[in-house]
Amino acid sequence: MSYFRAENLSLHFGGLKAVDAVSFAVEKGEILSIIGPNGAGKSSIFNLISRIYRPTSGRIFFEDQDITEEPPYDIAKLGIARTFQNIELFENATVLSNLLVGRHRHSTTQLWQELLFLPSVRANEKVHRRRVEQVIEFLDLEPYRDKLISGLPYGVRKVIELARALCSEPKLILLDEPSSGLNVEETDDMSFWIRDMKSELGITVLMVEHDMSLVNRVSDRVIALNYGRVLAMGSPAEVQQHPDVVAAYLGA
Amino acid sequence: MRFLFKTDYEDDIRLFPHSGYLVSYGILLAVLLIAPYMLSSYLMSQLVFVCIYATVGVALLILTGFTGQASLGHAAFLAIGAYTAAYLQKYNVPFPVYFLAAGGLTGIIGAMVGFPALRLTGIYLVIATISFALIVEEILARWESVTNGNEGMRVKTLSLLGVTVPRDSPTFYYLCLAVLVLTIVGTLNLLRSPTGRAFVAIRDSETAARSMGVNVALYKVKSFAISAAITGFAGVLFAHKLSFISPEMFTLQLSIEFIIVILIGGTFSLHGAVLGAIFIVMIDPFLTYLKDDMPGMIAGIAATFGAGPAAAGSIKSNVAAFASLNGLKGAIYGIIIVLFVLFEPLGLYGRWLKIKLFFQLFPLYKRATFKRQKIYVKSERNR
């Protein structure tokens, strides 16, 4: 059985088939990229997995468990974290508290304990903080710890969003266009981090990306979508040479 | 200016970042403790109201400032706390029991208000909470067997562990102060633990909070319940302070006063609740003063600019008529809100921070430091 599996996943808005009977599987420890022109249904697939949308039909399995009916907040508890295409950070909070929200799925303390800030809460806070510091070190975010998000540049926000997802110690991470809006240097950093996430942290990566050089550098496999359907699946080189993919991009 | 070198995670957790805070808050506490022996009985009474309003302000900050759920129904929560106390008092229930019962009941009702609020945001939530407040007001007026209707209820003098505590005694003030301090400490504790961070996460991006594993519905209800419970506790003290409660004390205007408390104080920090409470409690005697003295003052000014005695007299009576207009207070509140939202959205506490920074950085302070930054494209689709 595959690690993560989508079976005949469909999402229809009235007559529009945003996602149309898409099936794919992700193996443990691989980096799988989803590519496709605008409106192909890439982000919709992510929103289906993280339950922002409810699939019209089809099923989603993670670690041999059917997660199609799980409520959205339980998806994170299962170990699936995500980032957003248009950055969804907590604007008026510091970087540190943004990252600590990433630890939410690991918090075990009760409300009354927190009101009194019992020693157990304090100890837990320190454990969370230690984990967050590891991620800060991994992504070189040391200068920004106490800064408010609202004052930070776009490129840094993008990394912080990745950091927040990593703080939840996910098994599978969904990256929605990790390099959009980043310059060449930042994109390079991103590609190293994505590979390190796989090799050092053992995280399985599913990402949507337009930048083909990044896709080629990091992906083990690629899926090409258009009009909500899978056009091709395979190694980056195979997919790029697939006649349907060429037609979709160039309109030949 | 002091530079902190953090060497331990504890440095980011503790309530007082360095010893200077301990000293200044220690002095503040000492001043507050000896206040009853220094201030006139009128100012003491105002100080008790500051404590009560600040407690409600903190409650409202949890809900509106930190969880981002606007509420214009807090007068109703205050009323529920007050009436629970007055009702249980009739059956000789001791103070600690009805104090806790009032908070508990208000908290449960707050949670129940929270459930319909799950599907509402922004202005719709405000309307829903206003309707809740109106419903409560109506129930208080009609449910005569319990609330005594529009005639109101008399609240007996507080008796704590066999000792009577009159509403203008120092002990009553200490009780209110203790409730305020405990509320603030509890809220600060909450804000530095996972629940508080989840509240802030919901305020800033529900989608992201959900995708990080925050059960948004549960935490919204929690926030409503905590906020209502604290307001209920404050309601008990409010009832005792007034010694008489009736439905027309808990109108929409009171809810608006609570909103003013946090808007003027500053919605991003608990300091705001206290500063806002001082402002709203002290504006009342100020307005009365204006009402009494302004007509004479303006007539005097007119006279010095050459107005005859008849003209000065008519100016005086016109100004007096204007100053005693019904609803003038509401209009002044409205103007204050508008001015603060436009010119000082960070509130009095924000102003204080700016003044502090000005002196810390002198002469290098830049006005742009607190300028609101451009916010990047934010997707509205997933809301």
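**Figure 1. Strand β3 of chain A and its partners in the predicted model.** A:Ile35 stands opposite A:Ala224 in β9(A), in a model that is predicted. Strand β9 (residues 221-226) of chain A runs parallel to β3(A), and four bridges join the two. Strand β8 (residues 204-208) of chain A is likewise parallel to β3(A) and is joined to it by four bridges. In this second pairing, A:Ile34 faces A:Val208 of β8(A). Strand β3 itself spans residues 31-35 of chain A and is mostly covered, with four of its five residues buried.

Figure 2. B:Val58 is classed as buried because 27 other C-beta atoms lie within 10 Å, the threshold being 20 or more. Beyond its neighbours within four places in sequence, B:Val58 is in contact with B:Thr183, B:Ile184, B:Thr187, B:Ile230, B:Leu270 and B:Ala273. The C-alpha atom of B:Ile262, a residue 204 positions away along the chain, is separated from that of B:Val58 by 8.1 Å.

Figure 3. The average pLDDT of chain B is 87, and 96% of its residues score at least 70. For the complex, the predictor gives an ipTM of 0.91 and a pTM of 0.89.

Note on methods
Residues numbered from 1 in each chain as written. Chains lettered and ligands numbered in written order. Predicted model: local features only at pLDDT ≥ 70, side-chain atom pairs only at ≥ 80, totals over all residues. Buried ≥ 20, exposed ≤ 12 C-beta atoms within 10 Å, placed from the backbone. Pairing = 2+ DSSP bridges. Contact = placed C-beta atoms within 7 Å. pLDDT = per-residue confidence, 0-100.
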